[in-house]
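Here are a few exercises to work through with the model open beside you. Try each task before reading its solution.

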Amino acid sequence: MSLLIRGGTVVNADGETRADVYCENGKIKAVGPNLEAPSNARVVDAGGQYVMPGGIDPHTHMQLPFMGTVASEDFFTGTAAGLAGGTTMIIDFVIPAPQTSLLSAYDQWREWAEKSCADYSFHVAVTWWSDKVREEMGILTREKGVNSFKHFMAYKNAIMVPDENLVLSFARCLELGAIPTVHAENGELVYHLQAEILKKGITGPEGHPLSRPPEVEGEAANRAIRVAQVIGNPLYIVHNSCKEAVEAITRARNEGQRVYGEVLAGHLLIDDSVYRHPDFAVAAAHVMSPPFRPKENQEVLWRALQSGNLHTTATDHCCFCADQKAAGKNDFTKIPNGTGGIEDRMSVLWHHGVGTGRLTPSEFVRVTSTAAAQIFNIYPRKGSVSVGADADIVVWDPKATRTISAKTHHQKVDYNIFEGMSVTGNTSVTISQGKVVYEKGELQVERGAGRYIDRPTFPAIFDAVKKVNDIRAPKGVVRKQEKAAE
């Protein structure tokens, strides 16, 4: 199958140019002016529009079993909603229960994901430690295309990783050429504060942000950064939401440490007043961790994104409907944590980023696609409109307007955290694997068409990290790093 995108402005992270794009058999074959295509090629008119790499959401939770229920969005509905919004790939999370084999959990998530209609990959969480976990981390990197491992520093008595296991897992990641990622909140403090707040009779959603103040995030981010510094790892910190976390990342980067930060579209735009909404259902719909923060944090996050101290944008897409959220009607600690956003991330970031001058179109591409592809070692296959790349492309209409609403979105959840927001800039056409899957407001997706994407270990950053570690190591000490082929 061949396809020609004609008349648009191609935007990559390093610049933009007027060019046509020709795709064949799921790959980009040519980028340039006035391209010709076979007579049977499908032609997409991109006149007056941008042609950009499809979005990569590096943080989703489709079909997640969590807090006594299961997320309402499965891999088919979630990836379809992403395609409607211009996101052509997700990196989801395999989260084994403690004492559960990482490999068996990975196999379970792969089975669930077979219904995906867009490409996907997995981070794998380390929720406990043993020699078996260490061994399985090696198998996952060598045989399963996994190059990142998640560590929850929160959720005590569930999936929280104590410092001892954090150190052991970080060291194993260094050997394997895999990137450790962390959910940075001090779980001991959260657990203590939850109990104290409930004792005071605060049981509603307003107790959620009180139990997880910015300081618990900042402390955990700094702790993870310093562990990574000593071990010698690069580090990726997910969903940074506050000034304290940004300051920890910025300080480390100013010291030359390889730390990468992610920010959610929601944290850039929504403040903690939502938890004081008089309607429990509305307030509970916003319960996620870290919570939405006081408004002054938003400008800090935007500036960090502009300056390059935050690198990627995500959604932490993890949907629970009102009846599921109602489990915490009388105890905020029992409200399932999670919100949606995969369909709206690109448009709200364009409107509030490019539309306000905070981001250029190329910077928008970098933070919605390219940076994630580079950090997780799938660039330029993903995150680039270039010859040889996968034909995952979004044709973007910078003048299109829409009003976001749960009544019209494709996400399988009954509330939208951006409800009522009017945005300018929207997906016109989404192309996945060289096929048009969204056009003129209509999805044209195929269940199971999504592919699992292997992510090789030892991304380029490990060469730099190894040089630094060799310099730092005491004389005669060699830090072990396994070869990818071992």
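Predicted model: local features only at pLDDT ≥ 70, side-chain atom pairs only at ≥ 80, totals over all residues.

Residues are numbered from 1 along each chain as its sequence is written, and side-chain values use heavy atoms, with hydrogens and water left out.

**Exercise 1.** Find how far helix α7 reaches from its first C-alpha to its last.

*Solution.* Start with the extent: α7 spans residues 214-231, 18 residues in total. Helices here are DSSP runs of H or I with at least four residues, strands are E runs of at least two, and both are numbered from the N terminus. Next, take the expected span, 1.5 Å times one less than the number of residues. Finally, compare: α7 reaches 26 Å, close to the 26 Å expected.

**Exercise 2.** Work out which elements the buried residues of α7 pack against.

*Solution.* First list buried positions (under 20% relative accessible area, exposed being over 50% and partly exposed in between, with a 1.4 Å probe and protein chains only). Among them are P214, V216 and I231. Then collect contacts, meaning heavy atoms within 4.5 Å. The partners are α4, β14, α5, β15, α8 and β16.

**Exercise 3.** Is N157 buried or exposed?

*Solution.* Locate N157 in the loop between β13 and α4. Its relative accessibility is 63%, so N157 counts as exposed.
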